[in-house]
Amino acid sequence: REIELNDLKTKSLSMASHEFRTPLAVILSSVEILERYSDRLSDGDKDKHFSKIRNSVQTMRELTDDVLTHIRAETGRLEVHPEPLDMNALCGTIIEEITPPNGKAPRIAFSPSTYTRPVEVDPSITTLVVRNLLSNAVKYTPAGKLVQIALSQNAQQTTLTVQDEGVGIPAEEQARLFTPFFRASNVGDTPGNGLGLSIVKQAVELHGGSISLDSTPGEGTTFRVTLPHIPASQDGREAAAAPARPGA
């Protein structure tokens, strides 16, 4: 087990150092241009470079969060701590965060739950699941196409459905999709680290839920997640006693 964990840390650090190079290069380039030519640049050009810096920092932050979350899950340090959460509000906030301001992105349609009372789920885990699935859908769906996110709830559980019109996933690769560091062969030059869906699966199963997918290459992918509502009195350490392993 120690050998496995050391190997995990080595792979994570190697992948992170590789993935950091591109956003760091973008930041350095934009900073140098702003330093040298600030007096000659229009406000629009300055805004473009500031936007590049902001997006690169966001990319690095998300990568760091993914790596740390993955390591925490593998070492049994990711725990469930349920709190009352407004799922409609959470999804609305994440949609606003993910939708690019330049309009060069797919459309996002949200079907909120008619169940309006707060539910007992872990806010961090639920946010992680929604953000990863929605950002993936947006990333792999061409501009002008549609991404649909829907919530269905009752007193016992929440079902989240994220459907896109993106590149889809080859049938022979779908079984490996939740494996750490795995990326489908048809993603092209779309950036990614192969950890997002692995983390989603670990988080969902740690919460006692389930995740499934239906995908056709060239037509799109649908992910469906079910999260049970955990009693607020339940100790988070009990829920985390047996963390899920990828592919389990």
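Buried here means under 20% relative accessible area. By that cut-off, G196, L197, S198, I199, V200, K201, Q202, A203, V204 and L206 of α5 are buried. The model is a predicted one. The protein has 248 residues, of which 44% count as buried. Its secondary structure consists of six helices and seven strands.

**Overall layout**

- Read from the N terminus, the elements follow the order α-α-β-α-β-β-α-β-β-α-β-β-α.
- Among contacts in the protein with a separation of 6 or more, 72% are between residues 24 or more positions apart.

**Nonpolar core**

- In soluble globular proteins, nonpolar side chains tend to be buried together.
- In this model, the largest nonpolar core comprises 45 residues, and V129, L133, I149, L160, F223 and V225 have the most contacts inside it.
- At least two core residues come from each of α2 (43–74), α3 (87–98), β3 (119–121), α4 (123–139), β4 (146–153), β5 (157–164), α5 (196–206) and β7 (220–228).
- The element that gives the most to this core is α4, with eight residues.
- Setting aside residues up to four places away in sequence, L160 touches V129, V130, L133, I149, A150, L151, F223, R224 and V225.

**Aromatic pair**

- A pair of aromatic rings is described by the distance of the centres and the angle of the planes.
- The search of the whole structure returns one such pair.
- It is formed by F178 and F223, whose ring centres are 6.4 Å apart and whose planes stand at 80 degrees; the angle is over 60 degrees, so the pair is edge-to-face.
- F178 sits in the loop between β5 and α5, while F223 belongs to strand β7, so the pair ties together parts 45 residues apart in sequence.
- F178 and F223 are both buried.

- Helix α5 is mostly covered, with 10 of its 11 residues buried.
- Just after α5, G208 has a positive phi of about 85 degrees.
- E173 is located in the loop between β5 and α5.
- The relative accessibility of E173 is 11%, so this residue counts as buried.
- E173 and A184 are 11 residues apart along the chain, and their C-alpha atoms are separated by 6.6 Å.

**T161 in strand β5**

- T161 is part of strand β5.
- With a relative accessibility of 16%, T161 falls under the 20% limit and therefore counts as buried.
- Neighbours within four places in sequence left aside, T161 is in contact with Q148, I149, A150, T222, F223 and R224.
- Between T161 and F223 the C-alpha separation is 5.7 Å, although the two are 62 residues apart along the chain.

**L134 in helix α4**

- Helix α4 contains L134.
- L134 counts as buried because its relative accessibility is 0%.
- Apart from residues up to four places away in sequence, L134 touches I94, I95, I98, V147, I149 and V162.
- One of these, I98, is 36 residues from L134 in sequence, and the C-alpha to C-alpha distance of L134 and I98 is 7.9 Å.

**T69 in helix α2**

- T69 lies in helix α2.
- The relative accessible area of T69 is 11%, so T69 is buried.
- Excluding its neighbours within four places in sequence, T69 is in contact with L78, L128 and I199.
- T69 and L128 are 59 residues apart along the chain, with their C-alpha atoms separated by 9.5 Å.

**Cavity**

- One cavity of 30 Å³ or more is present in the structure.
- The largest cavity has a volume of about 40 Å³.
- L85, D86, M87, N88, Y115, T116, R117, P118, V119 and Q153 line the largest cavity.
- By class, the lining of the largest cavity has five nonpolar, three polar and two charged residues.

Note on methods:
Residues are numbered from 1 along each chain as its sequence is written. This is a predicted model: local features need pLDDT of at least 70, side-chain atom pairs count only at pLDDT 80 or more; totals for chains, interfaces and linings use all residues. Side-chain values use heavy atoms; hydrogens and water are left out. A nonpolar core is a set of buried Ala, Val, Leu, Ile, Met, Phe, Trp, Tyr and Cys residues joined through side-chain atoms within 4.5 Å. Buried means under 20% relative accessible area, exposed over 50%, partly exposed in between (1.4 Å probe, protein chains only). Helices (H or I, at least four residues) and strands (E, at least two) are DSSP runs, numbered from the N terminus. Contact means heavy atoms within 4.5 Å. Rings of Phe, Tyr and Trp (its six-membered ring) pair if their centres lie within 6.5 Å; planes under 30 degrees apart count as stacked, over 60 as edge-to-face and the rest as tilted. On a 1 Å grid over the protein atoms alone, a cavity is a set of points where a 1.4 Å probe fits but cannot get out, and a pocket is an open set with protein on both sides within 12 Å along at least five of seven lines; lining residues have an atom within 4 Å of a point. Grid points are joined across faces, edges and corners, and a volume is the space filled by probe spheres set on the points. Ala, Val, Leu, Ile, Met, Phe, Trp, Tyr, Cys and Pro count as nonpolar, Asp, Glu, Lys and Arg as charged, and the others, Gly among them, as polar.
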